[in-house]
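Subject: Structure for you to look at

Hi,

Here is the structure I promised to pass on. Have a look, and then read on for what I found.

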Amino acid sequence: MSGFPSPADDRRYMAAAIALSGRGRGLSTPNPNVGCLIVRERRIVGRGWTQKGGRPHAEAQALDQAMDQAQGATAYVTLEPCFHLSPRGPRCADLIARAGVGRVVIALRDPDPRTDGQGADWLRDHGVAVEMGLMAREAAEAMAGFVLRQTLGRPHVTLKLGLSLDGRIALADGSSRWITGADARAHAHLERARHDAILVGGGTLRADAPLLDVRLPGLADRSPRRLLLSRGDAPAGWERIGAPEEIATLDRVDHLLVEGGAGVAAAFLRADLVDRLLLYRAPIIVGDGLAGIGDIGLADLSAAHGRWRMSDARALGVDRLEVYERVRSA
């Protein structure tokens with residue numbers, strides 16, 4: 001075991017694997033966006049992340065890159081290697097064992113009952129040293145859509161709002177271009193590229209006719225599916241849902257971005273289906289304009305406290321981004 005990396009190295013390599021997993025977010029569904037590194041003698045010899053449509057898996061890609069250097073190496077995987085049989089490809093646990101990997105460090109146990117501990121047990125039974133739980137929280141956050149789909153049966157939902165300092169999204173006449181500056185808008189487009197689908201309401205569709213595409217160089221092909229929350233029909237190229245709770249029925253959507261407007265934001269908040277808030281605040285005051293969020297049914301101010309935890313804050317040009325995560329009991 002002396003040839004294996006140190007605990008400090010383990011954490012550094014796992015952090016890198018988690019960062020790699022982000023490359024597959026919004027592309028890998030229905031499979032989780034997993035990251036994998038193969039390290040031999042403290043040198044990275046293979047790396048991979050789940051590819052578009054879910055194949056190849058991160059481990060298969062990393063092992064193909066490592067080739068015979070995987071023998072005796074350590075694999076860092078953000079999710080327990082899959083154990084279930086699939087017509088789409090081999091089991092990753094089997095691939096790792098056959099490649100001669102000496103040790104596997106796993107961040108998160110797979111909540112999918114088809115694997116759920118069996119992948120790790122298979123590896124141990126085939127002489128591979130297995131450690132599980134390193135940076136599990138960080139890995140779960142990186143694969144939040146997959147985890148929520150497995151545990152709650154629905155996608156992970158991010159609500160994005162571009163607001164003035166006084167919480168307005170538009171002038172009283174509905175004029176809203178542009179509340180925020182170019183840097184904040186570019187960041188919002190990057191967020192679009194990290195989601196499987198993006199949703200607006202009928203009012204936003206009629207007022208703005210949004211394209212909801214990704215307008216960043218090299219990322220146009222990552223434009224998400226367009227969803228409409230409405231009682232009426234959706235136009236060509238759009239999909240309709242009639243209520244926020246119907247997101248559980250969406251096929252191949254693990255990460256959903258909700259962009260507006262105020263009624264849609266309120267509907268998802270009332271249903272307690274928002275997991276993450278992206279607040280882009282512009283240094284302007286609008287006054288008598290349109291509020292960013294409608295009535296969420298709050299009857300007691302005390303019920304509003306303790307529900308959100310700030311996870312990030314940064315300047316984006318002249319604007320400010322604040323990210324909040326929903327605090328939920330285990």
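Which residue in β3 does leucine 37 stand opposite? Leucine 37 faces tyrosine 76 there. Before the rest: this is a predicted model, where local features need pLDDT of at least 70, side-chain atom pairs count only at pLDDT 80 or more, and totals for chains, interfaces and linings use all residues. Residues are numbered from 1 along each chain as its sequence is written, and side-chain values use heavy atoms, with hydrogens and water left out.

Strands β1 (residues 35–40) and β3 (residues 74–79) pair in the antiparallel sense over four bridges. (Strands are DSSP runs of E, at least two residues, and helices are runs of H or I, at least four, numbered from the N terminus; two strands pair if DSSP finds at least two bridges between them.) Both belong to an open, mixed sheet of five strands in the order β2-β1-β3-β4-β5. β2 (43–49) and β5 (129–132) are at the edges with a single partner strand each, so one side of each has no neighbour in the sheet.

On to the cores (sets of buried Ala, Val, Leu, Ile, Met, Phe, Trp, Tyr and Cys joined through side-chain atoms within 4.5 Å, buried being under 20% relative accessible area with a 1.4 Å probe, protein chains only). The largest nonpolar core has 43 residues, and Met14, Ile38, Val104 and Leu123 have the most contacts inside it. A second, separate core of 24 residues includes Leu159 and Ile247.

Finally, the buried residues of α7 include His187, Glu191 and Arg192.

Best wishes

Technical notes:
Buried < 20%, exposed > 50% of the residue type's maximum accessible area, 1.4 Å probe, protein only.
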